[in-house]
Amino acid sequence: MNNKKHLFATLILMASGLETARADYTLNLMKGVTKVSHDVYDLHMLILWICVFIGVGVFGTMFYSIYHHRKSRGHQAAQFHENTTVEIIWTIIPTLILVAMAIPATKTLMELDDVQDSDMSIKVTGWQWKWEYEYLDNGIHFFSSLDEASNNARQLNSGIDPRSVPNYLLNVDHPLVIPTKKKIRFVFTAADVLHSWWVPDLGWKKDAIPGFINEAWTSVDKPGTYRGQCTELCGKDHGFMPVVVIAMDQPDYDAWVKKTTEEAKKGSDLSDQSHADLVVKGADIYAKNCSTCHLPDGKGVPGAFPALTGSAVVKGDINAQANLVLNGKGAMPAFAKMLKADELAQVITYTRNALGNSVGDEIQPKAIQELLPKKSEAKAEAKAAAPKEAKAETKPVEPIADMGKDELVALGKTVYASNCASCHQAEGQGMAPTFPALTGSAVVKGDINAQIDLMLNGKGMMPAFGHSLNAKDFAAVVTFTRNGLGNAVNDAVQPSAIQKLQAALPPEEDDDE
């Protein structure tokens, strides 16, 4: 009987759009903590009440007509068809309703996409199954994974009551920290499969897609902790990659930045560790980073994730295993990007001396560190030696012959299609607000030297084409944009001029360093 009463009460509350009596659940859209989330909520309520009004009007009229014009009261159906006045009315009224709904909806959608004039930018990359955060303005970089308490409780036969774990499956080891009252631009992508970053309090969610960039923004007025999850089915542990955002007042945020930057500068602990310490600490690293795929006991998932117990890789050459762990292979990510040298040494040693294996050897953090920078060190040495060798072998660069404007425009059209059209579109109309239009652009129609400088060095999401295009192609595409795509500036730049500018550019930085 009590269940029936509870069900009846729940249905009444659902019909009224109010919260249920249970505090853990709500039936309406949440308001959130940002202006965008409030605007989305207001839009939702506006559309809801419009729909309620229409529903009451339509069904009220229908039920009234059925009841008051029933046959038992002597009414007979009128024999007519077509009424121009009625048809005009029921065309105009829905049109007006749709326009009334479209105006606030369009305004809110435009606000959601307006990432301009941001105070800072954060790159978010989805991984199976964790989030990578990179603060593009101050260089802070870290991975965020499910917290240890939730990870332990979620394991099969763990014996831990999930209800005893605070914020079960909604807590992480390294939360994303942002300042309050600042406009923060997010750039989303993924390293493997589709993910989706969602924090309900912020009022939106964005897909993280491999090879593609999505953008969004937020501005939180009050300090607090806001939780979310991945909302794209991304694989086996999709349900275990939460999002936690902590908003701090500016002084607290500045202190966090300082502390985080100082900790990052310390780097790895490269001191030698005892065999026992490596194994013990490696168990924690394994549980957090490897057990999801290879399982806590190392038996793996046949056909998907190989077993580590008795593995030929784990029981073979330790340096070969280290290289595999560092650089990844197939579905296995490159852990050199995620773990420090000491953590890598610990987890490799653990896998070789636990999980049913007893190889008896170990690898120290110093040995891992030597594997990490070897490639970039060689490049650094090559760069250091290059100026001396170049000085002895430098030969005068032969200037490129001048080309006619029409010839430059024809070549530039091909270069534009290969290098620029994917962002600025084939006709130069762009994709506002992320990629500006080139047709009628103040930059393209302005000083040609300013446009050349912008393309040489890049800006924002636009790469520096000074290193990626040769002088001939560079001059051609500049000339094309100024004399094509609906523009008619009627000027040109010669490859020889670009050649001189490229010669003065600083060497291109190596991403591996």
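S9 and strand S10 (residues 242-248) run antiparallel and are joined by six bridges. Here two strands count as paired if DSSP finds at least two bridges between them. Helices (H or I, at least four residues) and strands (E, at least two) are themselves DSSP runs, numbered from the N terminus. For a landmark, look at Tyr226, which stands opposite Val245 in S10.

S9 (residues 224-230) also pairs with strand S6 (residues 195-199), again in the antiparallel sense, over two bridges. Trp198 has Gln229 in S9 as its bridge partner.

A word on what you're looking at: this is a predicted model, where local features need pLDDT of at least 70 and side-chain atom pairs count only at pLDDT 80 or more, while totals for chains, interfaces and linings use all residues. Residues are numbered from 1 along each chain as its sequence is written, and side-chain values use heavy atoms, with hydrogens and water left out.

## The five-stranded sheet

Next up is an open sheet of five strands with mixed pairing, in the order S3-S2-S1-S5-S8. Its edges are strand S3 (141-144) and strand S8 (214-218), each of which pairs on one side only. From one strand to the next, the twist averages 25°.

At the S3 end, strand S2 (residues 130-135) runs antiparallel to S3, and four bridges join the two. Trp131 sits across from Ser144 in S3.

## Helices H8 and H9

Now for a helix pair. Helix H8 (residues 318-327) packs against helix H9 (residues 341-352) at an angle of about 125°, and their axes are 11 Å apart. Axes are lines fitted to C-alpha atoms, for helices over the stretch in contact, and angles run from 0 to 180 degrees between N-to-C directions. H8 and H9 are therefore oblique to each other; under 35 degrees counts as roughly parallel, over 145 as roughly antiparallel, 65 to 115 as roughly perpendicular and the rest as oblique.

Which residues in H8 meet H9? They are Ile318, Gln321, Ala322, Val325 and Leu326, and they meet Leu344, Ile348, Thr351 and Arg352 in H9. By class, this contact has six nonpolar, two polar and one charged residues. Nonpolar covers Ala, Val, Leu, Ile, Met, Phe, Trp, Tyr, Cys and Pro, charged covers Asp, Glu, Lys and Arg, and the others, Gly among them, are polar.

## The whole chain

Zooming out, the protein chain has 17 helices and 10 strands. Of its 513 residues, 35% are buried (under 20% relative accessible area, with exposed over 50% and partly exposed in between, using a 1.4 Å probe and protein chains only).

How values were computed. Contact = heavy atoms within 4.5 Å.
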